[in-house]
Amino acid sequence: MKNRWRLSITAIVTVISLLIVWPWPGGLNLRVGNFRLERQGFTLGLDLQGGTHLVLQADMSKAPGQDTAQVLKGVIQVLERRVNAYGVAEPVIQSQGSDRVIVELPGVKDIEEAKKLIGQTAQLDFREYDPSTGGWKVATATGLDGSEKELTGKYFRPNAQVVFEQRSNQPQVAFEFDDEGAELFRQITRRLIGRPLGIFLDGQLISSPTVQAEISRNGVITGVRLQEARTLAIQMNAGAVPVPIRIVEERTVDATLGSDSVRKSVVAGQIALLVVALFMIMYYRLPGLMATLALGVYTAITLAVFMLIPVTLTLAGIAGFILSIGMAVDANILIFERMREELRWGRSVGAGVRAGFDRAWTSIRDSNSSTLITCLLLYWFGQNFGASLITGFALTLAIGVVVSLFSAIFVTRGLLTAVMSTGLIHNPALFGMEVPDDPASASVTRTRLSAEGGAR
């Protein structure tokens, strides 16, 4: 019964994965109630499909006396928001030196639109909710010179920071206006007490705190979590610093591999899988055949996950996937070698198979855990230092390792147990074991192998 559930789950997951991976004309779009399954194909990175490479320079002379590293960090964050809004998959945005930013946009066809989007200076402004329209309108007030003015980042001092309330120790974002901004803010907050004040960056709402009291020069934003407070402080400072950025280099990047090279890589991967399958079958016989079938299930599930997340495939990402195939085979080899040892020591087939999986589990668990920790570190490194290729490698390898655990421990065991339950396992040669020349010894060996009739 237990193995029946194991096989049923394997069959369901495999069928769903094949539906996702199979190249349906026009893409796959299934809907069952609120559940929707949609797939259009693999997302390719800059090295596989080409795109746009831009180098932008920030005018740091417009931010005298400020930490240039923090200013550049704010600029990068604003660019990331803009690119994400543009819908570019796996962009590369990283600093170069103290005042330049490299932006790579895979698959971007309209370069002029991308330049227009990226080339704008971050704009911070404050808006008040308009009940009559149900939307936001720019908050205005009378300035020191008596004229009506909009409250924008122009009057904001870029020293917003995270502080902690003394009694509750809750994080807050402290901010400050200059003289003109203080007067505008005082008038606006006086009329908005008990109502929200919208904070917008590049036209997008980033926070809408409720005004608790009339505030002039200094204020705090409460009710935010620590990470949210840090992000908000960076965004407000980025919008407050009017650092102009200009494009100093632009070029179209061709796919370094191209579709033809991708096709050749797929063919090479298929040949490698075939060679591995032949080795497993010839050396381990019946368990090797089951492992080969499990490897097919592993490949289908992994590719389906890549499409669903979706994972942007680059050359490094493909390398991570291929490396995880090797780890999936390695797990099966550990199991089969332990299984053979048990059979040589005189255990029955059922007991030997169970012991083989149990004894190999700790080794498989430890080796895969260390690999996952390495993937986590690489992913963190790629995310924090702008190395997207490393991020892609770590992500595909981690997905492959997790799926390989499922295929080696769950799928292979289910298939092997199902075959053993048929009673066709009396011949020790099916396990790659030597058959004694003496007919009497060979008969004893076959009898021992079938003593328990199968594994659970």
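Which residues is H53 in contact with, leaving aside its neighbours within four places in sequence? They are I102, V103, E104, E249, E250, R251 and V253.

**H53 and its strand**
- H53 is part of strand β4, which covers residues 51–58.
- With a relative accessibility of 5%, H53 counts as buried, and its side chain makes a polar contact with the side chain of E104 at 3.0 Å.
- Strand β6 (residues 100–106) pairs with β4 in the antiparallel sense through seven bridges, and Q57 stands opposite R100 of β6.
- Strand β16 (residues 245–253) is also an antiparallel partner of β4, over eight bridges; here L54 stands opposite E250.

**Strands β12 and β15**
- β12 (residues 171–177) and β15 run antiparallel and are joined by four bridges.
- E176 has N218 as its bridge partner in β15.
- Strand β15 (residues 218–221) has two faces: G219 and I221 are on the covered one, whereas N218 and V220 are on the uncovered one.

**Salt bridges**
- The whole structure contains 13 salt bridges.
- One of them joins the side chains of D179 and R217, with 2.4 Å from N to O. D179 sits in helix α5 (residues 179–191) and R217 in the loop between β14 (204–207) and β15, so this pair ties together parts that are 38 residues apart in sequence.
- D179 is partly exposed at 46% relative accessibility, and R217 is partly exposed at 27%.
- E214 and R186 form another salt bridge, their closest N and O atoms being 3.7 Å apart. This pair links the loop between β14 and β15, where E214 lies, to R186 in helix α5, 28 residues apart.
- Both partners are partly exposed: E214 has a relative accessible area of 40% and R186 one of 22%.
- The side chains of R359 and E341 meet in a salt bridge at 3.1 Å, N to O. R359 belongs to helix α10 (residues 349–385) and E341 to helix α9 (residues 315–344), 18 residues apart.
- A network of salt bridges links R338, E341, E342 and R359.

**Confidence**
- The average pLDDT of the protein is 78, and 80% of the residues score at least 70.
- Over residues 451–456 pLDDT stays under 50, and the model has 18 contacts beyond four places in sequence for this stretch.
- Where pLDDT is low, predicted coordinates should not be read in detail.

Conventions:
Residues are numbered from 1 along each chain as its sequence is written. Side-chain values use heavy atoms; hydrogens and water are left out. Buried means under 20% relative accessible area, exposed over 50%, partly exposed in between (1.4 Å probe, protein chains only). A polar contact is a pair of N or O atoms within 3.5 Å; within protein, one must be able to donate a hydrogen and the other to accept it, and residues adjacent in sequence count only if both atoms are side-chain atoms. Contact means heavy atoms within 4.5 Å. Two strands pair if DSSP finds at least two bridges between them. pLDDT is the predictor's confidence in each residue, from 0 to 100. A salt bridge is a side-chain nitrogen of Lys or Arg within 4 Å of a carboxyl oxygen of Asp or Glu.
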